[in-house]
Amino acid sequence: MEAERLVAAGRQALAGSGTAQDIVAEAWQAQALAQAIGSHLALCGPLELRGEARGLSEIGEYPTWGAGGPRAAQLTEVGDPVAALKALGALLGEVGIALVGVACATDEEALYWQCIEAIDAVDESNDRVGGMLRRLAVRDGRERARPPDSARGRAGPAPGAA
């Protein structure tokens, strides 16, 4: 499944989370998706992303998955890295906010620390995603800023024209 579709499924699942445990589970689903997208981009993405993507693929140690496993296992492609990373960043931001809400509202120490661990992983992943988006923006800016070919695209009047 395409990365943006998986991110959309994650956002929908997070929005439908009914309990604190559901929110924590969706946080780890989002983290697994971040790792999967990172792994894919490290292998097949633009060269300038590969190091940062490799780092993204290694963040966080999530609990053992149940029979269903992570949705991220369905990832087959990252068609548009910029769009996928922007969507992933939005999902990670929403997950972070939801986790902070759970951590602040719980009286259970174990749940609190689960939230803190997940917040750390999500925050680090979001930092990596932001770094990759900045690298792509710099690359795209350089491509647009290249001087036009001297045979075409010159601004102003031709030399000797009065």
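Guide: Contact here means heavy atoms within 4.5 Å. Keep in mind that this is a predicted model.

Visitor: Thanks! With that in hand, which residues does Val7 touch, not counting residues up to four places away in sequence?

Guide: On that count, Val7 touches Leu33, Ile37, Ala87, Leu88 and Leu91. Val7 itself lies in helix H1, which spans residues 3-15.

Visitor: How far apart are Val7 and Leu91, in sequence and in space?

Guide: In sequence, 84 residues separate Val7 from Leu91, while their C-alpha atoms are 6.8 Å apart in space.

Visitor: Is Val7 buried or exposed?

Guide: The cut-off for buried is under 20% relative accessible area. Val7 has 1%, so Val7 counts as buried.

Visitor: Now the nonpolar core. Which residues of the largest one touch the most other members?

Guide: That core has 42 residues, and those touching the most other members are Ile37, Leu85, Leu88, Val95 and Leu99. Two or more residues come from each of H1, helix H2 (20-44), helix H3 (50-57), helix H4 (81-105) and helix H5 (109-145). H2 gives the most, with 12 residues.

Visitor: What does Leu88 touch, leaving out residues up to four places away in sequence?

Guide: Leu88 touches Val7, Ala30, Ala34, Ile37, Leu56 and Val129.

Visitor: And how many aromatic pairs does the structure hold?

Guide: There is 1 aromatic pair. Tyr112 and Trp113 form it, with 5.0 Å centre to centre and 85° between the planes. Planes over 60 degrees apart count as edge-to-face, so this pair falls in that class.

Visitor: What is the relative accessible area of Tyr112, and of Trp113?

Guide: Tyr112 is partly exposed at 33%, and Trp113 is partly exposed at 48%.

Methods: Residues are numbered from 1 along each chain as its sequence is written. This is a predicted model: local features need pLDDT of at least 70, side-chain atom pairs count only at pLDDT 80 or more; totals for chains, interfaces and linings use all residues. Side-chain values use heavy atoms; hydrogens and water are left out. Rings of Phe, Tyr and Trp (its six-membered ring) pair if their centres lie within 6.5 Å; planes under 30 degrees apart count as stacked, over 60 as edge-to-face and the rest as tilted. Buried means under 20% relative accessible area, exposed over 50%, partly exposed in between (1.4 Å probe, protein chains only). Helices (H or I, at least four residues) and strands (E, at least two) are DSSP runs, numbered from the N terminus. A nonpolar core is a set of buried Ala, Val, Leu, Ile, Met, Phe, Trp, Tyr and Cys residues joined through side-chain atoms within 4.5 Å.
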